[in-house]
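Please work through the exercises below with the sequence and the model in view. Each task is followed by a stepwise solution.

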Amino acid sequence: MANDITVSNTGAGTFTISGSVVNAGNDMTYTGTGTILLSGAHSGVGDVIKTGSNTMDVTSTYANTGALEIREGTVHVRGVNGRFNSSDNSIGPVSASVYCGATLILDSTDDEGNNRINNDTNIRLYGGNFQAIGADPSQADVSETFGDFTLAQDYSRVTITLNATTEAYRLRSDSGNMTSLRSEGSTLLVEGANLGENSFDRTVGTPNDNTAVFVMATAPTLFTASGATAASSRADLNRNTVAILPYAIGDDTTDSAVAAFLTYINDDTTSAPGDQNDLGLTLLTTYETDIRNASADENVSQNNDRSLNNNETMNSLRLTGSGTDITQSGSRTLTINSGGLLATAANQTITVTNLSFNNQEGHIFGWGSGTTLDINAVIQNSPGVSINDGTISFSGSSANTYTGETYVNQGTLRLNKTAGVDAIASGDVIVHCGGTLLLANNNQINDSVNMTLDGGTFDTDGFDDELGTLTLTATSTIDLGAGDSILRFANSSGELWNPDAQLFITNWSGQTGGGGTDQIYFGTDTTGLTAQQLSQIFFIDPLGFAPGIYNITQLSTGELAPFPNPKPTPPFPCFFSSSSGGNDDASSPA
């Protein structure tokens, strides 16, 4: 290929490229809505980008050494010969980055398929899904090794799926420390049958049956400052003082038990981490079950209501049981030393004077969309807080005092403090893909707090607020909801927006001349946004207009209003496309 190229399939059928593709150093994008099948060898040095909702199937050797970016849709490596690796296992992509809503699948259903990914390919998750599928019952166990494993952003997921109860599957990161490589605010869910309950153990006997294993050559740093210590064998899980990864939870998919925080176990009989005997990422199994009896190094799992008579400190806290309420007698502080808080059911509450995260990042997890947790407290002593699934509410009559960023990674953060009391008092708020920031009262966010919309939704639900600047990094939504919302951003013309991102404004019921029921402002005059930024914002079905997508104009007051002519639907640009499926047998030169 002499120039950058886009391959698009917008048809219902599969578009097959059976000839070889050699990339001389240019960007190559695969996109569309219909499946694209790469059944021919793919090599070269350019970057490959996957966009669109469709699947890119890889059933041959993919030895292109450029970066692979899976921004949308699915990349599915499958079949007897499908691999992100050369036939001699010597070269492959330098990295595979998976973004929010996108999925990378290494599928060994048709063959045990070890080396479906090159040992030096770094996996980077930006809120994406990384799935490994084991062989069918007639095949052997599977072990896949790759380079660094980096949590780069957002709430990511790793799923190890076994095709038979008689097999084991091991993922092995062969390089850096996951904790050290992790970016602030990023979190992880790992799912797999009997995750970490047995080692892979291929070299010393019969493989353990029905076991998912995720090990690392460099064991991730655990949180130990509270006095909790690492487990050196599975027997150590019988104590409730095991050190954890407060940014990571796991799910053993063989039972109906709720999720738990993850720890990491190196086998105590060998010196090499990540070897065949390691258990790797493992779920906690033993807890203190009464929050009132906890000590600073203990992990607590609370299944029923408790009222605190004293200040209480623990290593981590998991709430189980619908309607579990943690309340207080007098004025109490609840301290979670590691910063790890996991809610697993509906209608759970924490009502105390202060909730402290011990100067650690606070990671608040919900276990599924049905989880609801109301935190009626001053959240304090944390350099940043992340929200990860479920609906988490910040309520009460006193402002939160934690500093740093607020990351709405997934699920909903509902701001329901008394009107005028800061639920988010400082730092920036970042709303990622899959996340919603929801106002449940007026003026919940301090005027100095800047917002980044990275694929998420800011839902004002008819309430008012004033913020700092807005940065747009991925296509996002501002939903003004029912009622009358007046939303003000500071002048954002100096912020760097992703030129490919769009901002959609829904449920607007204002007036084209300004001052209506709903109002949204950027600054106080026509300089609040640049012409480029204005071209990226659209009203969806504004009240008083025919249904459609409308461009905007900025009034002299800084308010935005729909432009009378609906936005035309742009053509989808591509250099090489198929609208009906088909087959390309040609070899593509560099």
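**Exercise 1: Burial and overall form**

Of the 590 residues of the protein, 57% count as buried, where buried means under 20% relative accessible area with a 1.4 Å probe, protein chains only. The model is predicted: local features need pLDDT of at least 70, side-chain atom pairs count only at pLDDT 80 or more, and totals for chains, interfaces and linings use all residues. Residues are numbered from 1 along each chain as its sequence is written, and side-chain values use heavy atoms, without hydrogens and water.

Task: Determine why the radius of gyration agrees with that of a compact globule.

Solution. Step 1: the rule, for C-alpha atoms, is 2.2 Å times the number of residues to the power 0.38. Step 2: for 590 residues the rule gives a value near 25 Å, and the protein has 25 Å, so the two agree. Step 3: along the principal axes, the C-alpha trace spans about 70 × 65 × 35 Å.

**Exercise 2: Charges**

Task: State how many positive and negative side chains the protein has.

Solution. Step 1: Lys and Arg count as positive, Asp and Glu as negative, while His and the chain ends are not counted. Step 2: there are 21 positive and 62 negative side chains.

Methods
Buried means under 20% relative accessible area, exposed over 50%, partly exposed in between (1.4 Å probe, protein chains only). The place of a charge is taken as NZ of Lys, CZ of Arg, CG of Asp or CD of Glu.
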